[in-house]
Amino acid sequence: MSLSQGRHYLAIPGPSVIPDRVLQAMHQAAPNIYEGALHEMVEGMIPDLNRVARSSGEVAIYIANGHGTWEAALTNILSRGDRVLALSTGRFAIFWAGMAERLGVEVDLIDFGKSAPVDLDQVEAKLKADSNRSYKAILVVQTDTASSVRNDLAALGECIRSSGHPALYLVDSMASLACEPFEMDSWGVDLMVAGSQKGLMTPPGLGFMFFNQRVLEARKKADLVTPYWDLRPRIHPEVFYEYFFGTAPTHHLFGLREALTMLLEEEGLEAAWDRHAKLSRAVWAAFDAWGRGSSIRLNITDPKNRSHSVTAVSMDAPHATELRRWTEKKSGVTLGIGLGMAEPSDPAYHGFFRVAHMGHVNAHMTLGMLAVIDAGLKALNIPHGEGAIEAASRVVSEA
Ligand SMILES: *Cc1c(COP(=O)(O)O)cnc(C)c1O
């Protein structure tokens, strides 16, 4: 029998769960885009976005997913033939660097594998070896959504600063913004990209590019920039339409306004970080218990290197795929596929999955998801250790 009727929980690492209030805020007639309330709302959202990023700089908003915003970041600061250093801790920096290559940028990539964070010693050595300062930018992700590695961006910022290398520090925080600490100013990040559909709890379609004065300087020389992606008209525009270089994404903005109010005025940003930290510990406790005497493993061994918004897991194939199918069909929970760990045609692919604990999630959703996984392991006779729900509940119970 199936027990999946009821509210479905999409526990994949983006798009994340959209709060009903965000959906309801979007459910309204089209506004006047030429004057009035929409203009005031957008002008008020700029400082709120900067509060989320802890940035005193600028933000450009694009009608784009994360890939579009990646391209905006690269084209606004680079020229054909420029060099960048990309630091891979899973898949996403490789994707971003691949886009740079296709734009005619030369990429030097350090691959730290699929289960380890950036090693600062290697970065330091690489920057030191670049004696003619050829790297224009350093590309890194905060949370790699495929591996669930979390990088220590404060330490990396310090490493770049102390090397004296002038490369711009570019960060992708798509999977982590509003889920865990991000400090644009104090970590010395020059540019950060994020999207609406993860920690910001709004449908996919808005991209955010936060940046500082150094990026504005680099923009003057960038020959890759094209009119639509140019950041310049989008900040402090003389006429409203320049914010979006055309018609505003009106309903996405209504939704985002509501999400920012929930995040900043009601819960508080730091409380949201704490909530994600706590819920992720509950998830890890459950997997640690299931893993005792079985093949079930968290991808990242050291908790300090683990994302607070997504957790990548492995187990003997094909149990991961069987489990995902079971939870979706029988219990109304959709888990994430394993990404970048094996090709879909490889039998090993069916040994990986991911769970999201990102955005609009609370204790009952997380404990419910874990209990559903526990039931699935039992129903499918997948070997697992006991006590996972007890362990997760204990984490939640501790204030
Ligand atoms: C989701 C995500 C992206 C890509 O976003 P799209 O909207 O799918 O283009 C980029 N980087 C990271 C780290 C992500 O999690």
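Colleague: How many salt bridges are there across the interface of domain 1 and domain 2?

Modeller: The rule finds 1 salt bridge there, meaning a side-chain nitrogen of Lys or Arg within 4 Å of a carboxyl oxygen of Asp or Glu. Bear in mind that this is a predicted model, where local features need pLDDT of at least 70, side-chain atom pairs count only at pLDDT 80 or more, and totals for chains, interfaces and linings use all residues. Residues are numbered from 1 along each chain as its sequence is written, and side-chain values use heavy atoms, with hydrogens and water left out.

Colleague: OK, and where are the two domains?

Modeller: Domain 1 is 9-16 + 268-397 and domain 2 is 31-265, with bounds from an automatic or database domain assignment. The contact (heavy atoms within 4.5 Å) takes 29 residues from domain 1 and 31 residues from domain 2.

Colleague: What area is buried between domain 1 and domain 2?

Modeller: About 2,400 Å², with carbon and sulfur atoms giving 58%. That's the accessible area (1.4 Å probe) the two parts lose on being put together, summed over both. In domain 1, Leu269, Trp273 and Asn305 lose the most area to domain 2, together 25% of what that side buries.

Colleague: Back to salt bridges: which side chains does Arg54 meet in one?

Modeller: The side chain of Glu270, at 2.8 Å, N to O.

Colleague: And how far apart are the domain centres?

Modeller: 28 Å separate the centres of domain 1 and domain 2, taken over C-alpha atoms.
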